[in-house]
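Student: I have a model open and would like to learn how to read its features one by one. Could you walk me through it?

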Amino acid sequence: MTKQVQAFIFDLDGVITDSAEHHYLAWKQLGQELHIPFDREFNEQLKGVSRMDSLERILALGNRQHDFTAEEKEALATKKNEHYKELIKGITEADILPGITDLLADIRKHGLKVGLASASKNAFVVIDRLGVGEHFHYIVDAAKVAKGKPDPEIFLKAADALGVPYENCIGVEDAEAGIEAIKAAGMFAVGVGTPESMAKADYVVSGTSELRYDEIIARFQQTK
């Protein structure tokens, strides 16, 4: 019996838009203030990871993980977020990544549910600025997610809210932690990135412009 796709669940940063760049710049500024320099290669470790977990990784990089109280760490994370919010004020529909508008339109045309499972607590604002809110039936509130990716919680919450069995969902991610979360949720994983970084995905494309509805559905139906 052929499996039926009932929902797509997307990550935001690096999939719908490249706000990952804004996160990088905001974290980099905080790192410089803390005298913890890091590059884009290290930043790859922060993709798909929650704000507090990202901060912990940066502090560990500089061997400063024990220099701050829990309250001070919260303040640092908030400072980073305030800078990030300034950076995303300029986001418009022009910042939607290639191929995403057509993919969302095709999904909608076929009557499937669409969810967003982003670790970003600013996801609602970003989706609104991009002008694609009408395509999403449910956006998970990251502030209400206890465990960050690679834990599957955020994807499970999205599927539960959409009322779709996990095995009938397709998750789309650009981070290793995100792919692991999708697979742990029992879903079909589409990875955007290199074959090496997306090794655990069921289907991999090098960029969002290669995300085509018919091809994704065909790959999904080939799985048992």
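Student: Let me start with strand pairing. Which residue stands opposite Ala 7 in strand 2?

Tutor: Keep in mind that this is a predicted model. Ala 7 faces Lys 113 in strand 2. Further along, Ile 9 stands opposite Gly 115, and Phe 10 stands opposite Leu 116. Together, strand 1 (residues 7-10) and strand 2 (residues 113-116) pair in the parallel sense over four bridges.

Student: What does strand 1 pair with besides that, and over how many bridges is it joined to strand 4?

Tutor: Four bridges join strand 1 to strand 4 (residues 169-173), and these two run parallel.

Student: How should I read the two faces of a strand?

Tutor: In a regular strand, side chains alternate between the two faces of the sheet. Here, both faces of strand 1 are covered. Ala 7 and Ile 9 lie on one side, Phe 8 and Phe 10 on the other, and all are buried.

Student: What is the strand order in the sheet?

Tutor: The order is 3-2-1-4-5-6, in an open sheet of six strands with parallel pairing. Strand 3 and strand 6 (203-205) stand at the edges with a single partner strand each, so one side of each has no neighbour in the sheet.

Student: How does strand 3 connect to strand 2?

Tutor: Strand 3 (residues 138-139) pairs with strand 2 in the parallel sense over two bridges. The bridge partner of Leu 116 in strand 3 is Ile 139. Strand 2, helix 6 (residues 123-130) and strand 3 make a right-handed β-α-β unit.

Student: Turning to helices, which residues of helix 5 are buried?

Tutor: In helix 5 (residues 100-109), look for Ile 100, Leu 103, Leu 104 and Ile 107, which are buried. Viewed down the helix axis, the buried residues of helix 5 fall within an arc of 95 degrees, so they line one face of the helix. The face turned away from that buried side carries the exposed residues Asp 102 and Lys 109.

Student: How do I look for empty space inside the model?

Tutor: Rolling a probe the size of a water molecule over the atoms shows where empty space is left. This structure holds one cavity of 30 Å³ or more, and the largest cavity has a volume of about 290 Å³. Helix 1 (20-33) and helix 3 (51-61) are the elements that give two or more residues to its lining. The largest share, three residues, comes from helix 1.

Student: Which residues lie nearest the centre of the largest cavity, and what classes make up its lining?

Tutor: Of the 21 residues in the lining, Asp 13, His 23, Leu 46, Gly 48 and Val 49 lie nearest the centre of the largest cavity. By class, its lining has five nonpolar, eight polar and eight charged residues.

Student: And what is the volume of the largest pocket?

Tutor: The largest pocket has a volume of about 410 Å³. It is lined by 23 residues, and those nearest its centre are Glu 44, Lys 47, Asp 174, Ala 175 and Glu 176. Helix 8 (residues 176-184) gives the largest share of this lining, three residues. The pocket lining has eight nonpolar, eight polar and seven charged residues.

Technical notes:
Residues numbered from 1 in each chain as written. Predicted model: local features only at pLDDT ≥ 70, side-chain atom pairs only at ≥ 80, totals over all residues. Heavy atoms only, no water. Pairing = 2+ DSSP bridges. Right-handed = clockwise from strand over helix to strand, strands pointing away. 1 Å grid on protein atoms, 1.4 Å probe; cavity = no way out; pocket = protein on both sides within 12 Å on 5 of 7 lines; lining within 4 Å. Points joined across faces, edges and corners; volume = space filled by probe spheres on them. Nonpolar A, V, L, I, M, F, W, Y, C, P; charged D, E, K, R; others polar. Buried < 20%, exposed > 50% of the residue type's maximum accessible area, 1.4 Å probe, protein only. Arc of directions from axis to C-beta.
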